[in-house]
Amino acid sequence: MAGARPRRRGGRAALPVAEVVTAYRCPRCGRPLELAEWKHEVCLACWACLRAACFTTFRAWRYFVRGELRWRQLMEDLYRAYCLEGT
Ligand SMILES: [Zn+2]
């Protein structure tokens, strides 16, 4: 993979998200999408196409139910946003 990764920021994460390769694939190039957390956003990104769909962490917090993050729901919504964006 080319060196197109964004710089990692320091400090505490607001969500337990680092950079996670997901089972979702980019509809354009077929590569696995990565989930990444930046300052105030959680993004599902393809580093090959340099595209991403982002939710603010404020919005992502709504996927916390009784202390558990509903990953599947969050991922599905992010992926839907990714597919809708610019295709
Ligand atoms: Zn792609």
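Among contacts between residues at least 6 apart in sequence, 32% join residues at least 24 apart. The model is predicted, with a mean pLDDT of 81 for the chain.

**Confidence**

- A pLDDT of 70 or more is reached by 77% of the residues.
- Residues 1–14 stay under 50 in pLDDT, and the model gives this stretch eight contacts beyond four places in sequence.
- Where pLDDT is low, predicted coordinates should not be read in detail.

**Pairing of S1 with S2**

- S1 and S2 run antiparallel and are joined by four bridges.
- Val-21 stands opposite Glu-34, a residue of S2.
- The hairpin of S1 and S2 has six residues between the strands, and Gly-30 in this hairpin takes a positive phi near 80°.

**Pairing of S2 with S3**

- Strand S2 (residues 32–38) and strand S3 (residues 41–46) also run antiparallel, with five bridges between them.
- Cys-43 in S3 is the bridge partner of Ala-36.

**Burial and the nonpolar core**

- Of the 87 residues in the chain, 22% are buried.
- S2 is largely enclosed by the rest of the structure, because five of its seven residues are buried.
- The largest nonpolar core contains 17 residues. Those with the most contacts inside this core are Leu-33, Cys-43, Leu-44, Ala-45, Ala-52 and Ala-53.
- At least two residues of this core come from each of S2, S3, S4 and H2.
- S3 gives the most to this core, supplying five residues.
- In soluble globular proteins, nonpolar side chains tend to be buried together.

**Individual residues**

- Leaving aside residues up to four places away in sequence, Leu-33 touches Thr-22, Tyr-24, Arg-25, Cys-26, Leu-44, Ala-45, Cys-46 and Tyr-82. Leu-33 is also among the residues with the most contacts inside the largest nonpolar core.
- Trp-47 lies in the loop between S3 and S4. Trp-47 counts as buried because it has 20 C-beta neighbours inside 10 Å.
- The C-alpha atoms of Trp-47 and Glu-34 are 8.0 Å apart in space, while the two residues are 13 residues apart in sequence. Glu-34 is the residue in S2 that stands opposite Val-21.

Methods:
Residues numbered from 1 in each chain as written. Pairing = 2+ DSSP bridges. Buried ≥ 20, exposed ≤ 12 C-beta atoms within 10 Å, placed from the backbone. pLDDT = per-residue confidence, 0-100. Contact = placed C-beta atoms within 7 Å. Core = buried A, V, L, I, M, F, W, Y, C linked by C-beta atoms within 7 Å.
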